[in-house]
Amino acid sequence: MKKGTAHMKRLIGLCALAGALAFGGAALAQEKKDAPASVAPAASAPAAAPAPVPAAAPAPAPRLDSGDTAWMLTSTMLVILMTIPGLALFYGGLARSKNMLSVLMQVFVIFSLISILWAVYGFSLAFAGEGRFIGGFDKLFLAGTKPDTLSSALATIPEYVFIAFQGTFAAITTALIVGSFAERVKFSAVLVFAVIWFTLAYLPIAHMVWGGGLLAKDGALDFAGGTVVHINAGVAGLVGAYMVGKRVGYGREALTPHSLTLTMVGASLLWVGWFGFNAGSAGAANGVAGLAFINTILATAAAAVSWIAGEAIGRGKASMLGAASGAVAGLVAVTPAAGFVGPMGSIILGLVAGLACLWGVTGLKRMLKADDAFDVFGVHGVGGIVGALLTGVFAAPGLGGTQAAEFSIASQVFIQAKSVVLTMAWSAVVAFVAYKVADLAFGLRVPEEEEREGLDITAHGESAYS
Amino acid sequence: MKLVTAIIKPFKLDEVREALSAIGVQGITVTEVKGFGRQKGHTELYRGAEYVVDFLPKVKIEAAVKTELLDQVIEAIEKSANTGKIGDGKIFVFELEHVIRIRTGETGADAL
């Protein structure tokens with residue numbers, strides 16, 4: 001009982017803290033709502049301007065560019081492909097066959113749920129207004145957007161396309177987390193957690209990095225979402241692995257992946273979809289998109305190779321799961337770097353990320369003692385951190401990056417580190433609160449008997465394979 | 001009558017079936033099984049997790065035969081399932097009390 005009360009107190013305190021932060025930011029945004037909305041292009045930091053932004057001089061009125069619009073529509077579909085079925089299959093193959101559908105369901109339903117919330121209030125809180133921590137309520141229910149409205153962030157594409165594109169990012173980020181607590185979590189708890197975490201962690205961090213908030217002003221470079229998406233989700237996953245607890249039989253019974261074939265299919269769909277994620281984050285069909293595209297090939301390939309090389313040297317065999325995991329590690333690491341570093345820089349970045357994440361799912365995982373079932377933190381957390389820090393290195397013009405000549409590696413890496421620490425702390429606190437609320441509402445875990453029987457039958461009443 | 005049960009390596013099934021047909025065995029029953037013997041299992045590694053797989057997949061065949069055919073059956077299985085490596089399997093022979101063919105009601109050796 002005592003323990004419960006202490007938990008409750010901590011929970012209420014944290015709720016209050018998170019609430020105060022969120023609404024303080026919102027209030028700040030409200031005060032400034034008269035100021036012209038000059039939202040930075042998605043993923044473009046002050047130092048780089050990938051999108052064709054009108055010059056300061058009496059510029060011609062922005063006009064829709066059909067090439068840009070076509071590319072952004074395509075990119076949006078590619079990010080959807082990454083999530084369903086890409087991520088769902090990548091994770092699903094790692095589960096035991098009795099839990100296959102539960103994993104697919106969690107990804108599929110989170111994608112659907114967050115897409116709705118994004119249109120209702122997510123877009124507004126992330127991209128409307130200029131608060132330090134959170135946007136405003138001006139565009140609640142997508143107010144004021146018409147088919148011919150051009151995006152305030154990317155002037156050559158329709159606002160609806162920008163909203164849809166960003167919505168897919170919110171959905172995949174939240175869906176990434178399910179890999180950590182899979183195979184024992186209660187479905188209802190997943191949904192409660194997803195809503196709270198999306199609202200109080202994803203939206204503020206997205207606003208801070210892309211919506212003109214704190215981290216954007218600080219000069220952090222995050223091209224396509226290394227901090228917003230991967231560190232954010234990785235940390236929430238790790239907290240979840242601790243709070244939901246280990247799977248029954250963890251460390252004693254064999255919890256082997258039921259289909260590495262599907263995991264390979266999923267990883268490959270992730271790779272293809274990631275071109276929409278990274279090259280789409282250029283916000284236009286231009287040279288920066290081309291750079292992000294080739295970097296997304298090279299870093300990924302490099303990480304797949306370095307992961308299996310590490311495996312082969314360390315343990316004698318190179319595995320398919322290692323190649324697929326390495327590819328995802330490379331994709332994660334190149335995400336913040338894609339439009340800022342040169343192709344050779346991204347190869348080195350990928351090589352480092354592959355080895356770092358291999359350590360993330362082995363040595364680091366043993367140290368953390370958490371049952372992060374599909375290594376959300378080991379791959380997305382570690383890969384995200386490596387990517388964020390190395391972006392500060394390889395963005396330097398001397399190393400093939402796109403930044404100006406006076407770029408300082410040391411100060412940029414420091415700025416990158418600050419954004420990493422802030423994101424980790426914020427995400428961890430919000431995740432803790434969100435899991436606690438879900439626990440109080442429904443309980444986080446299914447009973448042991450149901451876990452043994454498998455979530456497909458007990459939670460969803462169907463089997464993946466007959 | 002005897003019931004011969006043999007545990008063999010899965011990829012040897014076709015050779016064993018051919019050898020038994022050749023000496024006039026009319027039918028066998030085949031089951032995919034797992035087990036362990038002197039052949040050690042293997043380890044599987046999934047990222048950081050290492051699992052020892054103790055039970056290896058084998059095929060179990062069962063053949064009901066006339067007593068006078070027994071020696072030939074044993075020899076046929078021994079020869080066709082042999083690779084000379086550990087894990088080739090074993091043959092068990094049981095006394096078979098009674099046999100009935102369901103369709104005709106024949107019994108005993110006639111039903112084999």
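Colleague: Where in chain A is the place of Phe141(A)?
Modeller: Phe141(A) sits in the loop between helix H3 (100-127) and helix H4 (159-176). Bear in mind that we're looking at a predicted model.

Colleague: Why is Phe141(A) called exposed?
Modeller: Count the C-beta atoms around it: Phe141(A) has 12 others within 10 Å. The label "exposed" applies at 12 or fewer, so Phe141(A) gets it.

Colleague: And what makes Leu142(A) partly exposed?
Modeller: Leu142(A) lies in the loop between H3 and H4 of chain A too. With 17 C-beta neighbours inside 10 Å, the count falls between the limit of 12 for exposed and the 20 needed for buried, so Leu142(A) counts as partly exposed.

Colleague: What is the phi of Phe141(A), and what is that of Leu142(A)?
Modeller: Phe141(A) has a phi near 55°, positive in a residue other than glycine. Leu142(A) isn't a glycine either, and its phi is about 60°.

Colleague: How do you know which type of peptide bond, cis or trans, joins Ile84(A) and Pro85(A)?
Modeller: Look at omega, which is about 10°; that bond is cis. Pro85(A) is found in helix H2 (residues 66-94) of chain A. Ile84(A) also turns up among the contacts of Val107(A), along with Thr83(A), Leu87(A), Ala88(A), Tyr91(A), Ala175(A) and Val178(A), once neighbours within four places in sequence are left aside.

Colleague: Which residues have the most contacts inside the largest nonpolar core?
Modeller: Tyr91(A), Val107(A) and Trp197(A), in a core of 157 residues. Helix H6 (residues 187-210) of chain A supplies the largest share of this core, 16 residues. A second, separate core has 14 residues, among them Ala19(B), Val65(B), Ala76(B) and Ala81(B).

Colleague: Why is H6(A) described as largely enclosed by the rest of the structure?
Modeller: Go residue by residue. Buried means 20 or more other C-beta atoms within 10 Å. Of the 24 residues of H6(A), 19 are buried, so the helix is largely enclosed.

Colleague: Where does H6(A) bend?
Modeller: At Phe198(A), by about 40°. After H6(A) comes Gly212(A), which has a positive phi near 90°.

Colleague: How many helices and strands does chain A have, and how many does chain B have?
Modeller: Chain A has 17 helices and 0 strands, while chain B has 2 helices and 6 strands. In chain B the order from the N terminus is β-α-β-β-β-β-α-β.

Colleague: How do you know whether chain B is compact or spread out?
Modeller: Set its radius of gyration against the globule rule. For 112 residues the rule gives 13 Å, and chain B comes out at 17 Å, well over that, so chain B is more spread out than a compact globule. Its C-alpha atoms fill a box of roughly 60 × 30 × 20 Å along the principal axes.

Colleague: What percentage of chain B is buried, and what percentage of chain A?
Modeller: For chain B, 17% of the 112 residues. For chain A, 59% of the 466 residues.

Colleague: What makes Gln26(B) exposed?
Modeller: Gln26(B) has 11 other C-beta atoms within 10 Å. The cut-off is 12 or fewer, so Gln26(B) is exposed. You'll find Gln26(B) in the loop between helix H1 (13-22) and strand E2 (29-35) of chain B. Its C-alpha atom is 8.4 Å from that of Val65(B), 39 residues away along the chain.

Colleague: Why is Glu75(B) called exposed?
Modeller: Glu75(B) has 12 other C-beta atoms within 10 Å. Since 12 still qualifies, Glu75(B) is exposed. Glu75(B) belongs to helix H2 (residues 70-80) of chain B.

Colleague: What makes E3(B) and E4(B) a pair?
Modeller: A pair needs at least two bridges. E3(B) and strand E4 (residues 49-53) of chain B are joined by 5 and run antiparallel, so they pair. His42(B) stands opposite Val53(B). The two strands form a hairpin with 2 residues between them, and Arg47(B) in the turn has a positive phi of about 55°.

Colleague: How many residues does each chain bring to the contact between A and B?
Modeller: Chain B brings 6 and chain A brings 12. On the chain B side, strand E3 (residues 42-46) gives the most, with 3 residues. That side divides into 3 nonpolar, 1 polar and 2 charged residues.

Methods. Residues are numbered from 1 along each chain as its sequence is written. Chains are lettered from A and ligands numbered from 1 in the order in which they are written. This is a predicted model: local features need pLDDT of at least 70, side-chain atom pairs count only at pLDDT 80 or more; totals for chains, interfaces and linings use all residues. A nonpolar core is a set of buried Ala, Val, Leu, Ile, Met, Phe, Trp, Tyr and Cys residues joined through C-beta atoms within 7 Å. Helices (H or I, at least four residues) and strands (E, at least two) are DSSP runs, numbered from the N terminus. Two residues are in contact if their C-beta atoms, placed from the backbone, lie within 7 Å. The radius of gyration is taken over C-alpha atoms; the globule rule is 2.2 Å times the number of residues to the power 0.38. Ala, Val, Leu, Ile, Met, Phe, Trp, Tyr, Cys and Pro count as nonpolar, Asp, Glu, Lys and Arg as charged, and the others, Gly among them, as polar. The bend at a residue is the angle between axes fitted to the seven residues ending there and the seven starting there.
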